[in-house]
Amino acid sequence: MALWIADEGAGLIRSGADGERRLCAQPLSLCACGNTLVCAQAQQAAVYAADTGAALGGYPLPPGARRMCALPGALYCLSSDADSISLLCPRTGRLLLCAQAGCYPRDLALSPCRRMLAVAGGAAGAVLVYRARELTLIRSLPLPGVVSAAAFAGAELLALCAVDEGRLQSRLFRISIHGVVSALGCWEGLPGALLIHPDGMIVCGVLGKLLLLRPDGRVARCLPCGLPACLRPCPGGLLCADALDGCVTRVTAALTDAQCVYRGDSPLDAMVL
């Protein structure tokens, strides 16, 4: 297995048993797609073999590819510049479907059943829920402020928002299957990333803090950080890509220990493949 890091300043970095290599410039986000890794740049995807890091080609992407996720035979690309979500063929990059997705959308997540896709609609102030295979909009769920991150917690949704009512705050909301919104937490400063553990525990990154929350929003543990740009599961815990502090940290699932595994310029994404 190898550690892949998308550092916007230093490039795409692969660190494995065969050493460390820099593969392409100005990466924005990563996505595991079968036995390949797709790296989004400004308007281009670079595709690599996950096991060796060998370059397999590339294809155009919508501009500002902020986040990606994949299903078998399907690559979803969220474009913050085009305010859209695109469904592409992961092998050729051929555009299959496209839908409008808020205003400067920030994040996307697949449901556990893989039939629904949620988009954090950014300045549109809503979480948008689509049928994944058709990209048809099912619901638009309004929330206060700028919706920065979204994640499924079973059949429910969690959303992290930036709300400015005289002072900037990060607010975490739970949205029930019936569309009922309840507040789970509020912290000073900008919101970062969001991750849901299989056991229902919530990992929430905001300015200066990486928080482990119980399902009811109570804080179980807190670690200092800069501003987490991306949180991803990895063996033994999770990876936190922190563009503000310029580091990638491997954190245990219970947030009891953290180890810096990379220090660079501005890491936006990281994963172990």
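Which residue in β19 is the bridge partner of Gln 169?

**View 1. Strand β18 and its neighbour β19.** In this predicted model, it's Glu 188 in β19 that partners Gln 169. Between them sits a hairpin with five residues separating the strands, and here Gly 179 takes a positive phi near 90°.

**View 2. Strand β18 and its other neighbour, β17.** Now look at β17 (residues 156-164), which runs antiparallel to β18 and is joined to it by eight bridges. The hairpin here has three residues between the strands, with Gly 166 at a positive phi near 100°.

View 3. β18 is mostly covered, with seven of its eight residues buried. Leu 168, which lies in this strand, counts as partly exposed because its relative accessibility is 33%, between the 20% and 50% cut-offs. Together with Leu 190, Leu 207 and Leu 244, Leu 168 forms a nonpolar patch on the surface, and the four share about 330 Å² of accessible area.

**View 4. An open sheet of four strands.** Follow the order β20-β21-β22-β23 and you'll find antiparallel pairing. β20 (191-196) and β23 (219-224) are the edge strands; each has a single partner, so one side of each has no neighbour in the sheet. From one strand to the next, the twist averages 15°. Zoom in on β22 (residues 209-213): five bridges tie this strand to β23, and Leu 213 stands opposite Val 219 in β23.

How values were computed
Residues are numbered from 1 along each chain as its sequence is written. This is a predicted model: local features need pLDDT of at least 70, side-chain atom pairs count only at pLDDT 80 or more; totals for chains, interfaces and linings use all residues. Side-chain values use heavy atoms; hydrogens and water are left out. Patches are made of residues with over 30% relative accessible area and no salt bridge: like charges are joined within 9 Å, nonpolar side chains (Val, Leu, Ile, Met, Phe, Trp, Tyr) within 5 Å. Accessible areas come from the Shrake-Rupley method with a 1.4 Å probe; for residues, only the protein chains shown count as cover. A salt bridge is a side-chain nitrogen of Lys or Arg within 4 Å of a carboxyl oxygen of Asp or Glu. Helices (H or I, at least four residues) and strands (E, at least two) are DSSP runs, numbered from the N terminus. Buried means under 20% relative accessible area, exposed over 50%, partly exposed in between (1.4 Å probe, protein chains only). Two strands pair if DSSP finds at least two bridges between them. Axes are lines fitted to C-alpha atoms, for helices over the stretch in contact, and angles run from 0 to 180 degrees between N-to-C directions.
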